Amino acid sequence: MSPHWPDYIDAAHRKIAIAAFHCDQLKAALAHSHQNGSSLPDISIQAFFEGVITAAISAADQVAQALSLIHISEPTRPY
């Protein structure tokens, strides 16, 4: 059975929760970070930042999938 659009919205909510988790971890890592003389961030900071971005993009993709299914199953009617 293929997913219905609410399944994609549920998945997007989960991805947003994952992004929030990574954001909280990023804030904590930034609060405890120190300058190491390098122009590159600590691995933990970069990893949490990338986690936020990746999860947010994934959430947007899930919403796009839901909208696509809604459009296919409920085409717009001319007024």
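In which helix does L26 lie? The residue L26 lies in helix α1, helices being DSSP runs of H or I of at least four residues and strands runs of E of at least two, numbered from the N terminus. The structure is a predicted model, in which local features need pLDDT of at least 70 and side-chain atom pairs count only at pLDDT 80 or more, while totals for chains, interfaces and linings use all residues. Residues are numbered from 1 along each chain as its sequence is written, and side-chain values use heavy atoms, with hydrogens and water left out.

The protein chain contains two helices and zero strands. Helix α1 comprises residues 5-31, and its end C-alpha atoms are 39 Å apart, in agreement with the 39 Å that its 27 residues should span at 1.5 Å a residue; the expected span is 1.5 Å times one less than the number of residues. Helix α2 covers residues 43-73.

Of the 79 residues of the protein chain, 16% count as buried (under 20% relative accessible area, with exposed meaning over 50% and partly exposed in between; 1.4 Å probe, protein chains only). In α1, the residues Y8, A12, A19, H22, L26 and A29 are buried. L26 counts as buried because its relative accessible area is 13%. Beyond residues up to four places away in sequence, L26 touches I45, F48 and F49, contact being defined as heavy atoms within 4.5 Å. The C-alpha atoms of L26 and A47 are 8.4 Å apart in space, although the two residues are 21 apart in sequence. H22, also found in helix α1, is buried with a relative accessible area of 19%; leaving out residues up to four places away in sequence, H22 touches F48, G51 and V52.

Q62 is found in helix α2 and counts as buried at 16% relative accessibility. Apart from neighbours within four places in sequence, Q62 is in contact with Y8, A11 and A12. Among contacts in the protein chain between residues at least 6 apart in sequence, 72% join residues at least 24 apart.

The accessible surface of the protein chain comes to about 6,200 Å², of which 63% belongs to carbon and sulfur atoms; accessible areas come from the Shrake-Rupley method with a 1.4 Å probe, and for residues only the protein chains shown count as cover. F49, located in helix α2, counts as partly exposed at 45% relative accessibility.
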